[in-house]
Every structure is written in C-alpha cells, then in structure tokens.
Amino acid sequence: MPLPTLEKIRIGIIGLGYVGLPLGVYMARHFPVLGFDIDERRIEELIRKIDRTHEVSEQEFTAAQGLKFASDEEALKHCNFLIVTVPTPIDDSHKPDLSALLDASRLAGRTLQAGDIIVFESTVYPGATEEVCIPEIEKVSGLAFNRDFFAGYSPERINPGDETRRPPDIVKVTSGSTPEVADLVDAVYAKVITAGTHKTSSIRVAEAAKVIENIQRDVNIALVNELSMLFKELDLDTSEVLAAAGTKWNFHP
C-alpha cells in the first residue's frame, strides 16, 4: 500500500489536552489539522478559541489557520495521519492504566483507511505500541499492520505552562514501523519542529527513550526534595546551593 506524500498529509489529533492542543496549533501552520476529543464541551470551547487549560494563547490560535475541531469520529475518516495524545496514568496499584489508549486505538480502528499512518505520543513502556495498540486497531479495522496501515511513535515532550519553550522549540524523537514510514513520520514533524528531529531505528527505541526521560526527571525531583530537607536542617537556602552547583557545565538538577 503506497504511503501518502508529504504534500497530501491530513492530520487528525486524538486527544486535546496539554499535549494534543499545542501540537495541533503548531502543526496547523503547515498541514490541514483536525483536533478530535470526546469531550463535546471542550470542542465547543475550542471552536470559540477558548482553552480552559491555558496552554495556548490567543495569538497561537490566530496563527493556526488550518486547524478545525470535531467530537464526531466520522470526521477523522478524512485524515490520513493520526496522532494519539491521550493520557496514560497509573492505577491504584501503580500499574499503567492504558484504558484511554486502548479506547483511542479502537476509535482509530473504526476510522483508519488503507494507507493511513497512526503515530502514538502517549507515554508507554517499550513494546506497548506494537503489542497492545496495533492488535486492537487490526481487530476493529480488519486492516493488516504494515500492509494496509502503518504506525509510528514520537514521545511527547511538552512542558506544561512553559511559555518560552513551545512545541517547535523542543527536539522531537521520531520512529516508524518501516524505514519508509519512519522517513515520512520524521519529515512531518520536521516541518513543524524548528529545533530538529531525531529519527530512531525502531518504535521500541523511541518508547524506551521516553521511559528514561521520565525516570531521570523523577529521580532528579526526588533527589532535590531530599536535599532540600537536609539543607533546611543545616539552615541553608536550597535555591542558593543549586545556583552555586549549577555553575558547573554538566550539572543539571
């Protein structure tokens, strides 16, 4: 099945939270983009350019000329490049809650057409895209993976509330289920991400990269919290200590 050309890409973003909406706003400067969410009130607000999460400014909305919104999944059938940005929290047992991801995969299965590409941005463990999401899509759609439709993974790197580093300013890791798909996925993001892209050799590598990013962040936060308690006992200002340590080139708290 031939892939769409870069010029023919029509993007559908499933999930319009703090990841999906800013991504859609910037992608719509280069491609036709449909933002989809099951929250009808959310869609009604976004049509009026109201963002209750305050992640997108009025100026960013205005610049997104190619952006439309819908809560009717039928509208996604006009898209040939789906991007899934739904949340993947943990449950009460501290295990991954993939329910929203599975729902999004089934929804995609109902709307995918032959030759389409689906890219996941949600945080998952290595292997989840191909072992959990793809089988659901195949089951619902009746299409065969890497014959009738294709996949990619590009972990989200949005920093919520950051007004200085917007989506184009953050290097994007990309991947695809075949070398040709990887090239196209990378080319799509490269149109938007001025900071550049990093194409990996497989979806699993890209998934694993996201895992260690999160681990490093969490370990750093935990370490600084522990040190902060220690510095308090020593009557030291944690911010001042970090500022002093931060003068070394390779110190990144």
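Modeller: Let's start with α1 and α6, which are roughly perpendicular to each other (a term for angles of 65 to 115 degrees). This is a predicted model, where local features need pLDDT of at least 70 and side-chain atom pairs pLDDT 80 or more, while totals for chains, interfaces and linings use all residues. Residues are numbered from 1 along each chain as its sequence is written, and side-chain values use heavy atoms, without hydrogens and water.

Helix α1 covers residues 20-27 and helix α6 covers residues 179-192; helices are DSSP runs (H or I, at least four residues) numbered from the N terminus. Their axes lie 9 Å apart, at an angle of about 80°, with each axis fitted to C-alpha atoms over the stretch in contact and angles running from 0 to 180 degrees between N-to-C directions. From α1 come L23, Y26 and M27, which meet V188, Y189 and V192 of α6; contact means heavy atoms within 4.5 Å. This contact has 6 nonpolar, no polar and no charged residues (Ala, Val, Leu, Ile, Met, Phe, Trp, Tyr, Cys and Pro count as nonpolar, Asp, Glu, Lys and Arg as charged, the others, Gly among them, as polar).

Now follow L23, a residue of that contact, to the largest cavity, which L23 also lines. On a 1 Å grid over the protein atoms alone, a cavity is where a 1.4 Å probe fits but cannot get out, a pocket is an open set with protein on both sides within 12 Å along at least five of seven lines, and lining residues have an atom within 4 Å of a point. The count comes to 1 cavity of 30 Å³ or more. The largest cavity holds about 80 Å³, a volume being the space filled by probe spheres set on grid points joined across faces, edges and corners. Its lining includes V19, E156, I158 and I193, and by class has 6 nonpolar, no polar and 4 charged residues.

V19, E156 and I158 turn up again in the largest pocket: along with Y18 and K210, they are the closest to its centre among its 37 lining residues. About 1000 Å³ of space lies there. Both α4 and α7 (203-233) supply at least two residues of the lining, which has 14 nonpolar, 9 polar and 14 charged residues.

Finally, the second largest pocket has about 210 Å³ of space. Among the residues lining this pocket are H94, Y125 and V211, and the classes are 7 nonpolar, 3 polar and 1 charged.

Methods
Angles under 35 degrees count as roughly parallel, over 145 as roughly antiparallel, 65 to 115 as roughly perpendicular and the rest as oblique.
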